[in-house]
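Colleague: I would like to learn how to read the features of a model like this one. Please give me the general idea each time, then the case at hand.

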Amino acid sequence: MAARVPTLVAAVAPVVVGTAAGAREASFRPLPFVVALVAALLIQIGTNYANDLFDFLKGADTPERAGPTRVTARGLVTPGQMRRAVTLTFGLAVLAGLYLVWVGGWPILVIGLLSVACGLLYTAGPWPLAYLGLGDLFVFIFFGVVAVTGSAYLQAGRLSVLALAASVPVGLLVTNILVINNLRDIPTDRAAGKRTLAVRLGDRVTRMQYVLSLVVAYAAPLVLWLSGLAGPAALLTWLSLPLAWRLGRAVLGGLAGPALNPVLKRTGQLHLLYSLLLAGGLLW
């Protein structure tokens, strides 16, 4: 429950897209792909564990919370047990990262250390990113730009413009998972002093943020094609437009509280589907 399995697509999708972008410009390297996928999943799980722990310690998770169960707040595990889980999971991520550093050198070392540090600092420390309204930016950068370009670098051995461009729609759609989560939690986050971007912007603007991210994400493949970075197969992503349309209408329709939980789940599904189609389009 604490690992939040439905959210793990946030780790899988950018690695798949980045690998496809790198393999388009070089030969596919299966072992770096698999290890990068494992490391990304461990960092995501470790971040979820840390959020579960530190949101409880800071009083952000209460019985009034509208989202799925947080295990530390419910007393299903003790804070000490969760601390050990955080340490173990990030430790395993570092071990996996040692191989990736051997493959990719110091740029991968920097990416790995920053990813682990920000995974902890998202809700921990005196200035947690989520509580300062920086969570959306963190997710866009690390689960979008960094994850996609880093995965491409492991395949091609260089930073490519294609990978950087492809990271934008992936980052926007993964950020939308957080947008829905924070939109749902505005009342309890505000009461706990957790000043997420959704709390700062308010309900209406947060809903517009979600839809704007959808619009830019679906315009991006057309730009990739017209700019010559990718072929017309990048437009395969548009096959997921019906789901995006339904989600956009649901968000603008005013759903709130627990009613947003299915939207959260389907936003994750959209992120994965879009990313798989984009990866396929880049490899075609």
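**Contacts, cores, rings and pockets**

Modeller: Gly-104 is in contact with Tyr-153 and Leu-154, neighbours within four places in sequence being left aside; contact means heavy atoms within 4.5 Å. The model is predicted, so local features need pLDDT of at least 70 and side-chain atom pairs count only at pLDDT 80 or more, while totals for chains, interfaces and linings use all residues. Residues are numbered from 1 along each chain as its sequence is written, and side-chain values use heavy atoms, with hydrogens and water left out.

Colleague: In which helix does Gly-104 lie, and why does Gly-104 count as buried or exposed?

Modeller: Buried means under 20% relative accessible area, exposed over 50%, and partly exposed in between (1.4 Å probe, protein chains only). Gly-104 counts as buried because its relative accessibility is 15%. Gly-104 lies in helix α3; helices (H or I, at least four residues) are DSSP runs, numbered from the N terminus. Gly-104 and Arg-158 are 54 residues apart in sequence, with 9.2 Å from C-alpha to C-alpha.

Colleague: How is a nonpolar core read, and which residues touch the most other members of the largest one?

Modeller: In soluble globular proteins, nonpolar side chains tend to be buried together. A nonpolar core is a set of buried Ala, Val, Leu, Ile, Met, Phe, Trp, Tyr and Cys residues joined through side-chain atoms within 4.5 Å. The largest core here has 51 residues, and Phe-138, Ile-180, Leu-278 and Leu-282 touch the most other members. Two or more residues each come from α1, α5, α6, α9 (203–226), α10 (241–252) and α11, and α6 gives the most, with 11 residues. Leu-278 is in contact with Val-17, Ala-166, Val-170, Leu-224 and Thr-237, leaving aside neighbours within four places in sequence.

Colleague: How many aromatic pairs does the structure hold?

Modeller: A pair of aromatic rings is described by the distance of the centres and the angle of the planes. Rings of Phe, Tyr and Trp (its six-membered ring) pair if their centres lie within 6.5 Å; planes under 30 degrees apart count as stacked, over 60 as edge-to-face and the rest as tilted. The structure holds 5 aromatic pairs. One of them, Tyr-99 with Trp-102, is tilted, at 6.0 Å centre to centre and 35° between the planes. These two residues are 3 apart in helix α3, so about one helical turn separates Tyr-99 and Trp-102. Tyr-99 is partly exposed at 25% relative accessible area, and Trp-102 is exposed at 69%. The pair Phe-138 and Phe-142 is also tilted because the ring centres are 5.3 Å apart and the planes are at 40°.

Colleague: Which residues lie closest to the centre of the largest pocket?

Modeller: On a 1 Å grid over the protein atoms alone, a pocket is an open set of points with protein on both sides within 12 Å along at least five of seven lines; lining residues have an atom within 4 Å of a point. The largest pocket holds about 690 Å³ of space. Its lining has 34 residues, and Arg-4, Thr-7, Asn-48, Ile-177 and Asn-181 are the closest to the centre. The largest share of that lining, 6 residues, comes from α6.

Terms used
On a 1 Å grid over the protein atoms alone, a cavity is a set of points where a 1.4 Å probe fits but cannot get out, and a pocket is an open set with protein on both sides within 12 Å along at least five of seven lines; lining residues have an atom within 4 Å of a point. Grid points are joined across faces, edges and corners, and a volume is the space filled by probe spheres set on the points.
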